[in-house]
Amino acid sequence: MADVPAIDSLKVDTIGAVRLLTLNRPDKLNAMDTALIDALIAALRSADADAAVGAIVLAGAGRAFSAGADIAEFKDLPPEQRHRVEHRSALTASLQLLLPGLSRPVIAATQGHVLGGGCALALACDMVVAAESSRFGYPEVKRGILASSVTPNLARQVGTKAAFELLVTGRSIDPARALELGLINRIVPDGQQVEAALELAAGLAALPARALQATKRLFYRTLDADFARAMQLAHEAHAEMRAEQRQPPSP
Ligand code: COA
């Protein structure tokens, strides 16, 4: 893990074959500043490159998963410092793209506020285990700002009407509604979300790695493809897997 910057705001633990990454700014409700996003991206890449890691869990310390982008940092980003503004925006977008592109499955364990960029982060994970206290929402519009890089994935994951309503009202929803919308996978009692996500992740990590990783890769490759292209990709992935299975085991 030498390439992961050691910063207090991101805790990195390894539990068996699962890498647990914990946003660790509880006094700021795990608001994400540039340093934290940088460290998170590096830690995700490092986990994905580690042969001993089969799955990743993303959690937040304290009473919130994450209250989103660090608003205080926005104040340091005046429009005239365009390169810094663009760097910040590109970082958020790259995190959204990175998660589905990782070969290992990533499970978010949420509680309390799951807002704005925090909600987008949870949604970009492959699965979400939510504690009962979780409240999901995009309050940006209420602050007079745009929920920009969080929009495409939300619209892709829930029906357009529900996504639009979440974005334009800025209202939060509870886990029961989030489950109904397909934004999360499970609801667990408060305090059990990390343990439940770790258990789920350990189960995934115990599966044959190649099949698991090929399944994730194909899932996201077909998600945005038209049906004919998706079937072609599925056919190619199947042929590739069968060819690999015919290879004699390496000594
Ligand atoms: N960015 C930076 N700091 C944040 C933050 C954010 N997105 N969200 C919360 N914090 C900080 C607060 O400033 C406060 O810091 P302080 O104790 O040094 O003053 C601390 O976290 C606790 O937040 P507080 O507002 O006191 O908690 P609360 O329980 O009363 O309210 C929220 C919780 C989530 C309703 C409220 O913090 C909030 O509205 N946060 C902004 C959410 C948002 O708009 N996210 C999208 C950002 S683009």
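**Ligand site**

I began with K28 and found one of its polar side-chain atoms 2.5 Å from an oxygen atom of the ligand. I note that the model is predicted: local features need pLDDT of at least 70, side-chain atom pairs count only at pLDDT 80 or more, and totals for chains, interfaces and linings use all residues. Residues are numbered from 1 along each chain as its sequence is written, and side-chain values use heavy atoms, with hydrogens and water left out.

I then looked up backbone partners of the ligand. A polar backbone atom of A67 lies 2.8 Å from a nitrogen atom of the ligand, and a polar backbone atom of I71 lies 2.9 Å from a ligand nitrogen atom. I recorded that the ligand taken alone exposes 860 Å², of which the protein buries 61%; these accessible areas come from the Shrake-Rupley method with a 1.4 Å probe.

I listed 15 residues around the ligand, each with a heavy atom within 4 Å of it. Those that come nearest are K28, R63, A67, I71 and R143. By class, I found eight nonpolar, one polar and six charged residues in this shell (Asp, Glu, Lys and Arg count as charged; Ala, Val, Leu, Ile, Met, Phe, Trp, Tyr, Cys and Pro as nonpolar; the others, Gly among them, as polar).

**Domains**

I next took the division of the protein chain into domain 1 (10-205) and domain 2 (209-246), with bounds from an automatic or database domain assignment. Their centres, taken over C-alpha atoms, are 26 Å apart. The contact (heavy atoms within 4.5 Å) takes 11 residues from domain 1 and six residues from domain 2.

I counted two salt bridges between domain 1 and domain 2 (a side-chain nitrogen of Lys or Arg within 4 Å of a carboxyl oxygen of Asp or Glu). R156 forms a salt bridge with D224, with the closest N and O atoms 2.9 Å apart.

How values were computed:
A polar contact is a pair of N or O atoms within 3.5 Å; within protein, one must be able to donate a hydrogen and the other to accept it, and residues adjacent in sequence count only if both atoms are side-chain atoms.
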